[in-house]
Amino acid sequence: MTPPDDRSGVASPAAGPHHRALESLYGSAPVNALFDSRLEIVDEGRSRIEFVVTEAAYHAAGAAHGTIYFKMLDDAAFYAANTLVTDRFLLTTSFNLHFTKPVRAGKVVAEGRWVSGRRRVLVAEARLIDGEGDEIGRGTGTFMRSRIALSSLPGYRSHGG
């Protein structure tokens, strides 16, 4: 596969620096200071977020509030999709999620995977896996290219590229 021309904004297989810059962008988002989490871009169209759930995120019945599910599923799907777009920040336009098991304190992994679309609208899915290896939630999102250039965002720092 040949790299796209500079105007397409579609990722090529040699997108390593773009992937590292997306990881930097995740780490720079102020909301992520609230979570013990780390993003890894695994490959084009694939992301992984490891995070720790604490009792501070619990609802009154002693399990993590649904905001944790949404935030981590949305982020994993978003970053999986944004690996394919090198020039623009994506925006979530819709997200559907399913809760399958309560989240309790401990390590959880969100795995994101691009499903379809490459130009204006992209679809990606994600799943949450708890420390026991059980799927505890899953979601599918639709993401649209914004007018925001990735290069204009202070947290988007390309490493070696």
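The model is predicted, so local features need pLDDT of at least 70 and side-chain atom pairs count only at pLDDT 80 or more, while totals for chains, interfaces and linings use all residues. Residues are numbered from 1 along each chain as its sequence is written, and side-chain values use heavy atoms, with hydrogens and water left out.

**Aromatic pairs**
- A search of the whole structure turns up six aromatic pairs (Phe, Tyr or Trp rings, the six-membered one for Trp, with centres within 6.5 Å; planes under 30 degrees apart are stacked, over 60 edge-to-face, the rest tilted).
- Phe-78 and Tyr-79 make an edge-to-face pair, with ring centres 4.7 Å apart and planes at 85°.
- Phe-78 also forms a tilted pair with Phe-89, at 5.2 Å centre to centre and 55° between the planes.
- That pair ties together parts 11 residues apart in sequence, because Phe-78 sits in helix H2 (residues 66-82) and Phe-89 in strand S3 (residues 88-99); helices (H or I, at least four residues) and strands (E, at least two) are DSSP runs, numbered from the N terminus.
- Ring pairs link Tyr-26, Phe-78, Tyr-79, Phe-89 and Phe-143 into a cluster.

**Burial**
- Phe-78 is buried at 6% relative accessible area, whereas Phe-89 is partly exposed at 21% (buried is under 20%, exposed over 50%, partly exposed in between, with a 1.4 Å probe and protein chains only).
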